Amino acid sequence: MRSIREKTSREKTTRCAVRLGRQVHLVLLGFNAGCSPELPTPLPSGHSEAALPRRGGALTLASFGDMRTLDPANVADGIAPQVLQAMFAGLVDYDTQGQIQPELAKRYSVSSDGTHYRFVLREGVRFHDGEELTADDVKRSVERALHPTSPNPSSASYASIKGYAAFIARKAEHLDGVSVEGRYVVTFDVDRPDSSFLPLLAMQPLRPVCKSAGTRYADTWHPCGAGPFKLLPGGWDHGRQIKLVRHPGYFRPGLPYLDSFTYLFNVNTTSQRFKFATGEQDVLRDFLAPELLKFQADPRWRPYGEYEIEKQVAGLAMNTELAPFDNVEIRRAVATALDRDQLQQVRASNLRPAYLPVPPGVEGYDASLKGQHFDLNEALDHMKRAGYPFDPATRTGGWPHIIPYLTYTQGLDEYLVQIVMQQLARIGIRLEVRIVNYPTFLALRGRRKQTVAGPGFWQQDYPEPGSFLEPLFHSKSINDEESNNASFYANSRVDELIDRARHELNPERRKKTYGEAQEIICDEAPWAFTHYYRFFVQWQPYVRDYRPHPTWTLDAARVWLDHAAGPLATRALFSGDALAKLLGTRIRGRATW
Amino acid sequence: MVARLCLRLGWAFFVVWATVSLTFLVHHALPSDPARMVAGPQARPADVVRIREELGLDKSIYVQYARFLGRLAHRAPHADASPGENHASCARILWAVHLDLGKSYQQRRPVVTILRERLPRTLWLALAAASVQLVLGVTAGVLAAAHKKTLLDHLAVSTSLLGTSAPTFVIGLFLQWLFAFRLGLLPLDGWGDSSGGHVASVVLPAFTLGLFGAAYYTRIVRDEMIGQLSEDYIRTARAKGLSGRAVTLRHALRNAYMPIVTVLGVDVGTLVGGAIVTESIFRWPGIGSLSVTAMLDRDGPVLMGCVMVTSVAVVVSSLVVDFAYALLDPRVRGARA
């Protein structure tokens, strides 16, 4: 009896196992299908290309990063500028062509000697709390952002404003260089003519903040400005998302079109891809590398994707105070030995070969300049002139010691340097890669006589060549600790050219002067420039008038949504809303029109 | 019993203090600059110096440690008095005692506020995952032991081997792809915006963690149960005419509790410390992802807060396990008495 029962039980178990095996097989087949090269179908728009913008809807973006703070006086991460741009308007701003235009100011003038700026404000501009924006608010906001108690990481960039030194040293209660001349007129005085002043003013740190911000920075302030979107209490769930809603009192009539926009944080690239496919996320910027190529190759998606302009330069920074890179011929050899086209293949869809220190997306970039180039024979000649000839046939000669190269984990350079090592081995330079974490790398890179070579990278602080040349190659940027000039490069002629260009107000002459400095830098090669990094953005067809902004990446004020009829997107059966309905709790759905 | 409890609490206090102090020391010994991480890689040196002074990082490690300990637990101001700026980053833990872990360098918010946001979410996930692994692991282990050397047993053992071998990110991504993306049954990630959303959102991360743990539990329970089922008292119980189910569940399983409780206690403590990979896949705003970010950003106060929460969780769960032994096993109770 027992054996019959055992047998029956065994048969049942076997049948169950077989059924389970079939199910698992089906699931695995499905998983395989999901990972196939097929891209999701674009979610269509409701109207033709010629349709006029319509108001309403909620735009959702995402990033794998997080936003730490939301105060113009403390912009310290890469996502914050996109959100700040939506919340805070400036006196002047960059337009979609990358040109400076009056924003809160209806007009501005610059004195003939270039040291006095006069801004006439628009009247009736309202902050998010309903208060009117006046010249007093501008002065108060500038002093709040530049006060020594403010954690502003870019405060020193505004050192040309008159009285800055006394103000930052707490010797003056107010900033002499900012004056209020009536309810709607504010003036700025700078020590010397400064071509970077307006570009810096167009950046976010000095943008007017509501009266509730007070005269000094405080961590507890609820962010409030005069931009097209505002933050409601509880709208920012740290580490998860921020939701901004339309500011009804925005000074540009009719704008913004969106009811709200939401930025999700800490979303990994796989999840972003899933969300984008279902329309839960409307714009995709963080790609899995192979998927980016597929999107670009797919004719259905091609009209809805675009590269952002290049604003970053990267290269191999060589310490000019340490051997062997104190020898200019060795640096020239390195710069000439790098085959940038080959390096670009590490991530072909995001990298472009770099030959100049200023990226193509920056005003003042000049492709006609004599930059660095790849020529193996010339590199070998430089090695010979340096006193370390290398014979590629016998692989003898070259620099006799192994050069330590410091880099960091989880960055692109981990991969690039492996190719760089092979390329430099062809001229008799051997690298030993030492990998540390990013904070350690930053600390060691900026310490004098510490790091012989390592990756260099820089992103524009403001769209001017000086934003790259001054911190990276001017001798005044050399410090014993925290040095921005990580190659510790000093050349009095370059210093003089950078200074002259900064104080030159004529754009043509300025460009020419910066160009001359760039050619010297390329020749003396404190860096061997390798690549410019560029992001690609893909958006759903129903996201209209989306174009990557040259300065801010996102210009949410002019984007509008044009969903076709039908369900907006696939929603989880047991999503929060569905379960909330079941449980009878409050539903917080997504607004659509 | 009271003396034993006091001794254990004293030891627990020492463990937490030692862990936190060691973390403080290691964090300061690292060759990196928290002020540079706050200011960003492109900040000018003058701004980095100013931020370092503002955060008090220019002081010696002794001064910083003394400040940290000094404000960690301090007397709260009188109820009628205004708390003022000095107590802006405090949380009241007892009626007259404040806990102050300082402000996050990066987020510039009180660490206690950040932990207050994250801890309930972490506990929710930890309890859900522990439940999944307990229920699945114990069930599979008992079935495997009760049907020793049958196909069911082999299946349970093989599946548990698969579960312990498969990396969490593979299980997580697979569950996410299948149940959220393809079938649309559950939210893809996040924490949800309502109580219903919280329930729905925890399912996939809890199963991701729980399946791994369940596989481990299956093996423990099976081995322990097989040992118990071969004991004399089981034979006696069967001889007295008890059904197989009653023997298994009421007698053998009860005696197999001890290792399960031990492992579960350690697991809950560890899960409160954070399930870093799972939190990352499912964008779960818990302690794990917070501590990793704090470490990468050299955000000392947040890191210290996370370490403190984790060490307290492990110590408390160990204490609970220790006292659970006495409740579950009369022999332990007798020995202690």
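Two residues are in contact if their C-beta atoms, placed from the backbone, lie within 7 Å. That cut-off applies to the contacts in the legends below, which describe a predicted model.

**View 1. Surroundings of A:Val83.** Neighbours within four places in sequence are left aside here. Beyond them, A:Val83 is in contact with A:Met67, A:Leu70, A:Ile242 and A:Tyr263.

**View 2. The largest nonpolar core.** This core has 166 residues. A:Val83 belongs to the group with the most contacts inside it, together with A:Leu121 and A:Ala556. Helix H5 of chain B, residues 111-146, gives the most to this core. Its share is 17 residues. In soluble globular proteins, nonpolar side chains tend to be buried together.

**View 3. A second core.** A separate core of 63 residues is also present. Among its members are A:Ala314, A:Trp399, A:Cys522 and A:Trp527.

**View 4. Helix H8 of chain B.** H8(B) covers residues 195-229. A straight helix of 35 residues would span 51 Å at 1.5 Å a residue. The end C-alpha atoms of H8(B) span only 43 Å. A kink of about 30° lies at B:Val203. H8(B) is mostly covered, with 25 of its 35 residues buried.

**View 5. Where chain A meets chain B.** The contact takes 58 residues from chain A and 61 residues from chain B. On the side of chain A that touches chain B, the elements giving two or more residues are helices H1 (2-34), H6 (269-278), H12 (438-445) and H16 (576-583), plus strand E19 (453-459). H1(A) gives the most to that side, with eight residues. By class, the side of chain A that touches chain B has 25 nonpolar, 24 polar and nine charged residues.

**View 6. Chain B as a whole.** Chain B has 15 helices and three strands. Its C-alpha trace spans about 80 × 55 × 40 Å along the principal axes. Of the 337 residues of chain B, 43% count as buried. Take the contacts in chain B with a separation of 6 or more: residues 24 or more positions apart account for 66% of them.

**View 7. Confidence.** The model scores ipTM 0.83 and pTM 0.85. Chain B has a mean pLDDT of 86. In chain B, 95% of residues reach 70 or more. Where pLDDT is low, the predicted coordinates should not be read in detail.

Technical notes. Residues are numbered from 1 along each chain as its sequence is written. Chains are lettered from A and ligands numbered from 1 in the order in which they are written. Helices (H or I, at least four residues) and strands (E, at least two) are DSSP runs, numbered from the N terminus. The expected span of a helix is 1.5 Å times one less than its number of residues. The bend at a residue is the angle between axes fitted to the seven residues ending there and the seven starting there. A residue is buried if 20 or more other C-beta atoms lie within 10 Å of its own, exposed if 12 or fewer, and partly exposed in between; C-beta atoms are placed from the backbone. A nonpolar core is a set of buried Ala, Val, Leu, Ile, Met, Phe, Trp, Tyr and Cys residues joined through C-beta atoms within 7 Å. pLDDT is the predictor's confidence in each residue, from 0 to 100. Ala, Val, Leu, Ile, Met, Phe, Trp, Tyr, Cys and Pro count as nonpolar, Asp, Glu, Lys and Arg as charged, and the others, Gly among them, as polar.
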